[in-house]
Amino acid sequence: MSSFIPVSEPLITLDDINYVQKVLTEGWASGEGPYVSEFEDKMSKLCKRTQGISVSNGTAALEILIHSLNLGPGDEVILPSFTIISCLTQILRSGATPIFVDSDAQTWNMDVDEVVNSITERTKLIILVHIYGLPVDMDPILKVAEDLGIPVIEDAAEAHGLTYKGEPCGSFGLASTFSFFANKNITTGEGGMVLTNDLALGQQLKSLKNLAHHPAQRFSHEVLGWNLRMTAYQCALGTSQLVRLDSILKKRNEIARFYREAFETFDSVQLPLEKTEYAVNNYWVFGMVLSPDKFESSKGIQQSLNELGIGSRPFFQPLHKQPLLGHFGLSKQRPLPNSEYLGRYGFYIPNGLGISDYQLNTVAEKVGKLIS
Ligand SMILES: *Cc1c(COP(=O)(O)O)cnc(C)c1O
């Protein structure tokens, strides 16, 4: 094994492996059966929803959910610029117009006032994305959206176990989506889910992810669907991991406390907020933003860390600057200074659940030298 310290490594325990083995031994390999429902039910319960629809990844969850809202040319969708491309793909495919909002420089989440001010009579959807362990301040947006009848969805891919004013992220708005990619708090390697209380929407999504067979006649099709099924053994891994969610979050918190202590005296970096009025950071990643006075960008430090055997990742690169917008006639976008600043100066450092104290010390020491 190499001594490289990866930015994030999933922790798969013997209990996880035993449960997956049990499910496979019973013959549940495909995307059907009791172990799929079990994971869907457990996730729904975690987020106080009535329905869970498992899919093959978090991007797919966003895509079929947004597809089900029947957007088209002329419709506007409000979303943060500072997020992953997965939030944007289906908006573009549907021909709707993305309306990008900037982020708050401290919470790194979408700016609530900007969201509210961006609403027009063409707004057909608002996508709230919780970033790096802190939630969006949702209440003001949910209130305005409800008054105007605009659907709101929550991308909670980074927010397993996170709460907003004491209520679970993933429980707000029309529906929420999760990812279970290898670096998320709960992982199944690849996997995703939509959660909702809307029975009709849930049934529609269940059909869409499973080739949209006609309910009365299998292999007969009235609707164009996909195969986005998540396998039973992936679901089993998720169920097994969910049992450990509290200890997973505790470990992330310990790592973050260690890094905070190591770096809090440096004025060359901005650390994540520990909490806001409405939430406590659960540190899905440990991000840092370099001071523009001292650094060109995060690239140099990330390169040096890599040479020292330490993994890191840049922050999201803002969506409103993505070259692909040009193919959709959307290349003209107003500047969003905070998103651009976060994308340029932000990066995150190793916080995998299996990281050792020795590795943490190594990271703190090497990062400390580079930012001092
Ligand atoms: C990881 C992530 C996704 C995408 O999930 P995949 O399972 O990798 O497709 C979507 N949104 C956010 C905010 C994410 O962090």
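Strand β2 (residues 76-80) and strand β4 (residues 123-129) run parallel and are joined by three bridges. Within this pairing, Val-77 has Leu-125 of β4 as its bridge partner. Strands count as paired if DSSP finds at least two bridges between them. Strands (E, at least two residues) and helices (H or I, at least four) are DSSP runs, numbered from the N terminus.

The model is predicted: local features need pLDDT of at least 70 and side-chain atom pairs count only at pLDDT 80 or more, while totals for chains, interfaces and linings use all residues. Residues are numbered from 1 along each chain as its sequence is written, and side-chain values use heavy atoms, with hydrogens and water left out.

**The seven-stranded sheet**

Both β2 and β4 belong to an open sheet of seven strands with mixed pairing, in the order β1-β9-β8-β5-β4-β2-β3. At its edges stand β1 (51-55) and β3 (97-101); each has a single partner strand, so one side of each lacks a neighbour in the sheet. On average, neighbouring strands of this sheet are turned by 20° against each other, direction ignored. Helix α7 (residues 199-208) lies across β1, β8 (175-179) and β9 (192-196), and runs at about 20° to β1. Axes are lines fitted to C-alpha atoms, for helices over the stretch in contact, and angles run from 0 to 180 degrees between N-to-C directions. Contact means heavy atoms within 4.5 Å.

**The ligand**

Around the ligand there are 13 residues, of which Thr-59, Asp-155, Glu-158, Ser-179 and Lys-184 come nearest. A residue is near a molecule if one of its heavy atoms lies within 4 Å of it. The table gives polar contacts, which are pairs of N or O atoms within 3.5 Å.

| Side chain | Ligand atom | Distance |
|---|---|---|
| Thr-59 | oxygen | 2.5 Å |
| Asp-155 | nitrogen | 2.6 Å |
| Lys-184 | oxygen | 2.8 Å |

Taken alone, the ligand exposes 380 Å², and the protein buries 92% of that. Accessible areas come from the Shrake-Rupley method with a 1.4 Å probe.

**The four-stranded sheet**

Another open sheet has four strands in the order β10-β11-β13-β12, with antiparallel pairing. Its edge strands, β10 (269-270) and β12 (313-314), each pair on one side only. Strand β10 is joined to β11 (residues 286-290) by two bridges, and these strands run antiparallel. Here Gln-270 stands opposite Val-289 in β11. Helix α9 (residues 245-263) packs on this sheet and touches β10, β11 and β13 (346-349). The direction of α9 makes about 25° with that of β11.

Notes: A polar contact is a pair of N or O atoms within 3.5 Å; within protein, one must be able to donate a hydrogen and the other to accept it, and residues adjacent in sequence count only if both atoms are side-chain atoms.
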